[in-house]
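Work through the exercises below with the model open. Try each task before reading its solution.

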Amino acid sequence: SPTLVALIGRPNVGKSTLFNRMTRRRDAIVDPTPGVTRDRHYARITWEEHPFVLVDTGGIDDEDDTITGHIREQASRAIDEADLVLFLMDGRQGLTPSDAEIVDMLRRTEKKVFFVVNKIDSPELELELLSPFWELGVDKLWPLSADHGYGYRSLMDGLVEYL
Ligand code: GDP
Ligand code: MG
């Protein structure tokens with residue numbers, strides 16, 4: 001079965017915006033019955049002939065910005081279910097304690113994780129907006145504007161190398 005790629009991250013970091021960008025492609029097939037699994041949207045994507053299944057784990061969303069047991073549980077389930085994780089953070093907001101807590105969970109998985117810093121809407125902002133995230137000690141950060149497309153092709157090309 002195709003690789004399952006999960007989008008995870010705090011509310012409002014841009015998961016759905018990225019999901020929509022990835023599913024705007026002509027060949028994408030979005031699960032017509034997302035309501036069956038509450039708060040989750042699935043789609044079949046093909047990038048440069050590499051197929052995978054994308055899941056937008058809306059279930060991690062919570063109005064409250066503190067990491068509750070519920071959010072931790074949702075994130076952990078998404079990580080377990082996925083073969084590969086796209087972890088999104090918000091470059092305009094900067095690194096938050098909740099991000100750091102999810103990163104701690106991600107360190108315990110052997111699955112490939114892409115640490116994506118979204119809302120980098122122009123290349124000139126990249127250096128400055130990425131800088132607080134190096135504190136996480138990850139090898140690579142992927143700058144992205146899910147809205148405008150900056151970094152999108154690099155991310156997708158990087159992702160399919162791990163399918
Ligand atoms: P989710 O809760 O993680 O699914 O986040 P959404 O995709 O719903 O996006 C939350 C807000 O961030 C919306 O107002 C989006 O328009 C905005 N947003 C998403 N991606 C970007 C981006 O690349 N740049 C900027 N400036 N805003 C973005
Ligand atoms: Mg969403």
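Two strands pair if DSSP finds at least two bridges between them. Helices (H or I, at least four residues) and strands (E, at least two) are DSSP runs, numbered from the N terminus. The model is predicted: local features need pLDDT of at least 70, side-chain atom pairs count only at pLDDT 80 or more, and totals for chains, interfaces and linings use all residues. Residues are numbered from 1 along each chain as its sequence is written, while chains are lettered from A and ligands numbered from 1 in the order in which they are written.

**Exercise 1.** Trace the sheet.

- Step 1. The protein has 5 helices and 7 strands.
- Step 2. The strand order is β2-β3-β4-β1-β5-β6-β7, in an open sheet with mixed pairing.
- Step 3. Strands β1 (residues 4–8) and β4 (residues 50–57) run parallel, joined by 4 bridges. Valine 5 has leucine 54 of β4 as its bridge partner.

**Exercise 2.** Find the largest nonpolar core.

- Step 1. Such a core is a set of buried Ala, Val, Leu, Ile, Met, Phe, Trp, Tyr and Cys residues joined through C-beta atoms within 7 Å. Buried means that 20 or more other C-beta atoms, placed from the backbone, lie within 10 Å of a residue's own.
- Step 2. The largest core holds 35 residues; Ala6, Leu7, Leu54 and Val116 have the most contacts inside it.
- Step 3. β5 contributes the most, with 5 residues.

**Exercise 3.** Which residues does valine 116 contact, leaving aside neighbours within four places in sequence?

- Step 1. Contact requires C-beta atoms, placed from the backbone, within 7 Å.
- Step 2. The partners are Leu86, Phe87, Leu88, Met89, Trp142, Leu144 and Leu155.

Definitions and conventions:
A residue is buried if 20 or more other C-beta atoms lie within 10 Å of its own, exposed if 12 or fewer, and partly exposed in between; C-beta atoms are placed from the backbone. Two residues are in contact if their C-beta atoms, placed from the backbone, lie within 7 Å.
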